[in-house]
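Welcome! Have a look at the structure first, then try each task before reading on.

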Amino acid sequence: MREMWDAIVVGGGLAGWTAGIRAAQRGKKVLIVAEGVGTLYYFSGIFDYGDVEGLRHLPKHPYSLFDAEMIESGKQFVQELCPDYLGKDKPLSALTVLGTARQGDLMPRSMILPDRQERGIFVLLVPEGLKDFFPEIAASNMAQEFPGWEVKIKKVQVEIFREWEQLGRSASGVDYAAIWRTEEGQNLLAREIEAIKSELSATGNKSEKIVVVLPSLVREYFDASRTKSHGREFSLPIMEMSSFIPSPHGRYLAEYLKHRFTDLGGELMLGARAASLQGESVPDNPTKSCGEIIVHSMGKAVNLKAKKFILATGGLLGGGIKVGIERQSIREGVFNLPLYVPQEWSASQFLAPQPFAQLGVETEKGLRPLDPATGQVVWDNVHVVGRMLAHWDPWTQRCGGGVAVTSGYAAAEMI
């Protein structure tokens, strides 16, 4: 007899890992099947929930499927997984890599901006050769955001990247984040920070607050090995900017979630593509029940059976929705679910809400997929989560992390 899981999660983005970890916490036997990490490498380090109460009252927004208690449970789940993440009743603020302030609902304590009424000195510690980072622009914007603060730039050279520079190769934020997590990198930072402290003290700035700002990950709040401390303490406070692409926060979050899942007994099939399914009709009901999915892994087709399936393939950007030249060729790639497709594909204004963002699968409150034409449930034992859900826009509504976590958590509660 083939092995049967309580649930198979298809997709390895934030919603998929949330569903898998929460279901495993509840003692369920769970398998995650994923080709990659979805859009986690775009993760800025900040969880955005948006105007939850306002969005809950939009008729078809994913938040309308959940009560306030479920949304709050999802937030608490994140904070239990990542104890360094803080949230308040009002949004917190962090610095972007352009030096502007941006709001967020859950962020690491090392990103949270100080009170604008305070006075002090920001020292932007810039790794030389850092790709796609413009320190002069960042410093100028920081000075505008914090008129009571002085902003200084200090460059730091990491020896290992000298050869890269000679070859014309730039280092990314991910490269520098990896260095900061080593003992050598931590020692280098400690020396640079001590030098900053000594220099500013010598110029009569002993009483002013000094904050060192870095554009790449330093604190180890995503520690997959769970054997390291959360970084050493430095002689001055460090504040991190939110990540740019490729994202060190996203990289380490993906690794961290994978380890948390497997520590709970969850099983993985990475680099595997769910291609099709086999199902049957439910007696006396037009709804179908999925019995197994067919997965291509290492050149072989494998049939996998489960009681429940969670679809978390990431929608349009994650590759879960396939788009061809013709409108009729837009389809969901695993369960062949019917999609809501807006009449207009895009708006003329570049920064305006784009209709294509609303593309996705409509569901009932149990996250089971609906046929938009009939309103009937299509698959009785399939739950749809994350970006695959229809009728929301993670960019203009700034609720991407909130929808992913809430829907993934809610689906796991139904397993």
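**Exercise 1.** Find Leu257 in this predicted model and decide whether Leu257 is buried or exposed.

*Solution.* Start with the location: Leu257 belongs to helix H8, which covers residues 248–263. Next, take its relative accessible area, which is 5%. Buried means under 20%, so Leu257 counts as buried. Now look at its surroundings. Setting aside neighbours within four places in sequence, Leu257 makes contact with Leu14, Trp17, Ile21 and Leu81. Finally, compare with Asp223, 34 residues away along the chain: the two C-alpha atoms are 9.7 Å apart.

**Exercise 2.** Work out what span helix H7 should have, and check it against its end C-alpha atoms.

*Solution.* Helix H7 has 20 residues, 183–202.

**Exercise 3.** Describe how strands S13 and S14 pair.

*Solution.* First locate the strands: S13 spans residues 288–297 and S14 spans residues 300–311. Their pairing is antiparallel, over six bridges. For one example, Glu292 has Lys305 in S14 as its bridge partner. Then inspect the turn: two residues separate the strands of this hairpin, and Met298 in the turn has a positive phi of about 55°.

Methods:
Residues are numbered from 1 along each chain as its sequence is written. This is a predicted model: local features need pLDDT of at least 70, side-chain atom pairs count only at pLDDT 80 or more; totals for chains, interfaces and linings use all residues. Side-chain values use heavy atoms; hydrogens and water are left out. Helices (H or I, at least four residues) and strands (E, at least two) are DSSP runs, numbered from the N terminus. The expected span of a helix is 1.5 Å times one less than its number of residues. Two strands pair if DSSP finds at least two bridges between them. Buried means under 20% relative accessible area, exposed over 50%, partly exposed in between (1.4 Å probe, protein chains only). Contact means heavy atoms within 4.5 Å.
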